Amino acid sequence: MSKKNIRRIPITTPITLRRRMLKHYMGIPGFTWIVHWLPPSTLYVSVPSPPRCPVTEPACPAFLLPAPGPNPRMTSSSHYDAIVVGSGISGGWAAKELTERGLKVLLLERGKNIEHIKDYVNALHAPWQVPHRGRDPVALKNAHPVLKRDYVLSELNTDWWADEAASPYIEKKPFDWFRGYHVGGRSLMWGRQSYRWSDLDFEANAREGIAVDWPIRYADLAPWYDHVERFAGISGSKEGLPHLPDGQFMPPMELNVVEKHVAARIKAAFNDTRRLIIGRVANITQPLSNRVNCQYRNKCWLGCPFGAYFSTQSSTLPAAVATGNLTLRPFSIVTRVLYDKDAKRARGVEVLDAETNQTFEFTSKIVFVCASAFNSAWLLMNSATDVWPGGLGSSSGELGHNVMDHHFRAGASGQVDGFDDRTSFGRRPTGYYIPRFRNTGADRRDYLRSFGYQGHADRSGWQRGIAELGIGADFKESLRAPGGWSIGMTGFGETLPYHDNRISLDHSVKDKWGLPVLAMDCEIRDNEHKMRLDMKNDAAEMLAAAGVKNVRATDDGYTLGRGIHEMGPARMGRDPKTSVLNGHNQVWDAPNVFVTDGACMTSSACVNPSLTYMALTARAAEFAVAELKRRNL
Ligand SMILES: Cc1cc2nc3c(=O)[nH]c(=O)nc-3n(C[C@H](O)[C@H](O)[C@H](O)COP(=O)(O)OP(=O)(O)OC[C@H]3O[C@@H](n4cnc5c(N)ncnc54)[C@H](O)[C@@H]3O)c2cc1C
Ligand code: SF4
């Protein structure tokens, strides 16, 4: 055993931290006790040489990372307790919760494997170290006609987006679909904004007679929000707002000087009915388990060598692997959930190997469908049988309907004077958030539901000189100092669940593997358009009230899907005649099939949804295991 593999735990370490460190070491495959308490006061333990962060290895034991997950390419049929389809945010949670409860789980992922740290190839690259300095060349844009519609296209992580030529879709009406097909799914690229829903959201459909009622309320989900927040690590401030419940937060990141100034002015101007707070974000501000706290690099979309933001790779996958109960199979496109007519249950899934084109069947007692909202709906629809010709879960006629997203890109911006002697340090990977205030409390508008704002303030950099076409030493010197402060915000608005906002299978167009593709037929309507006027005008009003100069109110337009928060095509409900899933995310027509991603959402609220998928998934997993034990599945 080499000396560098020895870790010391001084007796001065607080007992809780000592326990945590030991628990962590014991979770590392190959861990052995070699020495006990040695004089004068240190416990020595031995760990195998694990992969390390390529940047630096601080003294923090959290830099010892668990071994990457297994990656077998099985070719024969096998039986498992549970199959999880998709390894993104929802699938990662399903795999963790089910394996930790003792189930043997097969995690099927349609794309390639991406190993934590090792495969974050551009995480440490500066713009000058990549061929086009981080700009998007024409060939890249041509190869990604959908991605290029928005900010997400970048040569730094192109490999993490679905191949659009291999996996096309039909736009009956314009629809932006930004997908990640690989282990981790979009948990690697997400913006990490994490907010709880409240009963204002869960009760809205019933109160207003829209669509159907949610079968759950905030109290059903609150303990599961606690559970997932503690494990994922969400930093944020406690605000005591009933419509944006507080959670189990790590210490918040800090608003910068201009944001604090604007927050104080807004609070005073609107009598504390509008509040500017730091964004609640799944970046840890303290070490957590085997993860190191955020280093303020704001390069999260390239993968984090510190494991400082929540992703499948940094969090749920290592936990599932550590149980010894997980089998991960990449390149496995699940094409059908196999339905047993006699048992009225699923018996497993059919898988198409994305590399070899071979087809396999895997069987299991339960199936968790977590392939992302639209792909889960695609899988259910493609699982049609003579019993359910419209697809598994289609008996209500709601499968594929009620599609939602968050509409955004309406807001305001301006310049802030008086802070040119102040700056901020580091690259904070979150902005500020203004929780909903419309149709909240006594406020009433001519539309339903509400919106919140996301934004940030910062100083301009040397790039401000590009437009000047300047030249010479003085010009360059002038760009060495930061420019003026500006601030901006965009609203994120709730979309109503319209029955005829629909996705369906189109068998006339096939993907690279000969599978039918999705056709999108969805749009926003009057309610959303009216809301956008407030999103724009309220933002301008708040900035003006805060003394911001040259305020510009804008609506840059929005296409459904661009919010990257697809929801709804297999909604939960109280009645099998009007919903696809029950209150525990079970498909009414096949109770051993659980759908826990965005497909299950009955309404969309106005806050980012992924934390709610995590909580719903963990809740459903506990229920599924309990039902298995009761022999109900
Ligand atoms: C740039 C960006 C910013 C975002 N910001 C935020 C944010 O700030 N806050 C927030 O809450 N959300 C945000 N989101 C949305 C968030 O990423 C998604 O809500 C979340 O990832 C959904 O989790 P999921 O598990 O349902 O799907 P995904 O994470 O997309 O994972 C689905 C997985 O299933 C796999 N799969 C699909 N079909 C099959 C099949 N047939 N067989 C096998 N595997 C399959 C896919 O390859 C993928 O790995 C953002 C997304 C993006 C892209
Ligand atoms: S900002 Fe924090 S979470 Fe994001 S890549 Fe850097 S260290 Fe990791």
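Colleague: I'm new to this one. Which residues meet where α6 and α12 come together?

Modeller: From α6 you have Leu221, Trp224, Tyr225, His227, Val228 and Ala232, and they meet Leu611, Met614, Ala615, Ala618 and Arg619 of α12. Keep in mind that this is a predicted model.

Colleague: What classes of residue make up that contact of α6 with α12?

Modeller: 9 are nonpolar, 1 is polar and 1 is charged.

Colleague: And at what angle do the axes of α6 and α12 cross?

Modeller: At roughly 110°, and the two axes come within 8 Å. So α6 lies roughly perpendicular to α12, because angles of 65 to 115 degrees count that way. For orientation, α6 covers residues 218-232, and α12 covers 610-629.

Colleague: Okay, zooming out. How many helices and strands does the protein have?

Modeller: 12 helices and 22 strands. The protein has 633 residues, and 50% of them count as buried. If you take the contacts between residues at least 6 apart in sequence, 72% join residues at least 24 apart.

Colleague: Now the ligands. Which residues are closest to ligand 1?

Modeller: Gly86, Gly88, Gly185, Gly191 and Ser610 are the closest, out of 40 residues that surround ligand 1.

Colleague: Which helices and strands supply at least two residues each to that shell around ligand 1?

Modeller: Helices α2 (89-100), α9 (373-381) and α12 do, and so does strand β11 (332-340). By class, the shell around ligand 1 has 19 polar, 16 nonpolar and 5 charged residues.

Colleague: What about ligand 2, how many residues surround it?

Modeller: 13 residues surround ligand 2, and the closest are Cys294, Arg297, Cys300, Cys304 and Ala308. That shell divides into 8 nonpolar, 3 polar and 2 charged residues.

Colleague: Why does Asn298 count as partly exposed?

Modeller: Because 13 other C-beta atoms lie within 10 Å of Asn298, and a residue counts as exposed at 12 or fewer and as buried at 20 or more.

Colleague: And Arg192, is it buried or exposed?

Modeller: Arg192 counts as buried, because it has 24 C-beta neighbours inside 10 Å. Arg192 also has a positive phi, about 70°, although it is not a glycine. You'll find Arg192 in the loop between β6 (170-171) and α4 (199-202).

Colleague: You mentioned β6. What is the strand order in the sheet with β6?

Modeller: The order is β6-β19-β18, an open sheet of 3 strands with mixed pairing. β6 and β18 (502-510) stand at the edges with a single partner strand each, so one side of each has no neighbour in the sheet.

Colleague: How many bridges join β18 to β19?

Modeller: 6 bridges, and the two strands run antiparallel. β19 spans residues 516-521. Along that pairing, Asp506 stands opposite Val517 in β19.

Colleague: Last one. Where is Gly455?

Modeller: In strand β16, residues 451-459. Gly455 counts as buried, because it has 22 C-beta neighbours inside 10 Å.

Colleague: And which residues does Gly455 touch?

Modeller: Leaving out residues up to four places away in sequence, Gly455 touches Gly431, Tyr432, Ile487, Gly488, Met489 and Thr490. Another residue to look at is Leu276: it is 179 residues from Gly455 in sequence, yet their C-alpha atoms are 9.7 Å apart in space.

Note on methods. Residues numbered from 1 in each chain as written. Chains lettered and ligands numbered in written order. Predicted model: local features only at pLDDT ≥ 70, side-chain atom pairs only at ≥ 80, totals over all residues. Near = placed C-beta within 6 Å. Nonpolar A, V, L, I, M, F, W, Y, C, P; charged D, E, K, R; others polar. Helix = DSSP H or I, 4+ residues; strand = E, 2+ residues; numbered from the N terminus. Pairing = 2+ DSSP bridges. Contact = placed C-beta atoms within 7 Å. Axes fitted to C-alpha atoms, helices over the stretch in contact; angles between N-to-C directions. Parallel < 35°, antiparallel > 145°, perpendicular 65-115°, else oblique.
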